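Thanks for coming, everyone. Let me put the sequence and the model on the screen.

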Amino acid sequence: MINFCDMIDNEKAMSKFEKIYHKYRNTMYYVAYSLTKNAYDAEDIVEDSLVKVIEMLHKIDEDTIDQQRCKNLMITIAKNTAVDFLRKMNHEAVPLETIEDTEFIPLEIGPEEMLIKVEDYKNLAECINKLGDIYKDVLYLRIFHQLSSKEAAKILNVSEANINTRLKRAKRMLYQMLKEYD
């Protein structure tokens, strides 16, 4: 962790990073190990992933570190870093099971409205899960984590134009799938 401390220039960012590091390093290691099946490679991948986290630390709000969104972001970064590592090492990647977000429904609504919202959420989650990984990853980074195209491109190691094209295609596919539910 000492090496990471040298990369961070202020105390607030250091505090955020320490929370993320202590909360998610084991989860990131698990993701990396499940893909590589090698402890040393998994450790390297976690280090590379944490460097990416440091580079985008300004985008992570300290209040959201304990939320599922932040966990999903850490998993996505670790997963994509591991996939890139495996590509470089000419290994085949083992697909990671999809991790669903927890649903949020305001308490002020009635039972009928709640049922409709739950059903809409389930339909949307089902449609997203039907998308290919390249489209799911872009949706999670751009929509759920509100990253810019440039930041998402850096995490996924593709061009910004590729990110924008994938996002457009993913939205189009979701639109078509959701029309079938109506």
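Start with helix H3. Its 17 residues should span 24 Å at 1.5 Å a residue, and its end C-alpha atoms are 25 Å apart, which agrees. The expected span is 1.5 Å times one less than the number of residues. Helices here are DSSP runs (H or I, at least four residues), numbered from the N terminus.

A word on the source. This is a predicted model: local features need pLDDT of at least 70, side-chain atom pairs count only at pLDDT 80 or more, and totals for chains, interfaces and linings use all residues. Residues are numbered from 1 along each chain as its sequence is written, and side-chain values use heavy atoms, leaving out hydrogens and water.

Back to H3. Asn38 caps its N-terminal end, with a side-chain oxygen 2.9 Å from the backbone nitrogen of Tyr40. Which residues of H3 are buried? Among them are Asp41, Ile45, Ser49 and Val53. Buried means under 20% relative accessible area, exposed over 50%, partly exposed in between (1.4 Å probe, protein chains only). Glu43, also in H3, is partly exposed at 43%.

Now the largest nonpolar core. The core has 48 residues, and Val53 and Met74 are among those with the most contacts inside it. Such a core is a set of buried Ala, Val, Leu, Ile, Met, Phe, Trp, Tyr and Cys residues joined through side-chain atoms within 4.5 Å. Helices giving two or more residues to this core include H2, H3 and H4. H2 gives the most, with 10 residues.

Last, Met74. Met74 touches Ile20, Tyr24, Met28, Val53 and Ile60, not counting residues up to four places away in sequence. Touching means heavy atoms within 4.5 Å.

Technical notes. A polar contact is a pair of N or O atoms within 3.5 Å; within protein, one must be able to donate a hydrogen and the other to accept it, and residues adjacent in sequence count only if both atoms are side-chain atoms.
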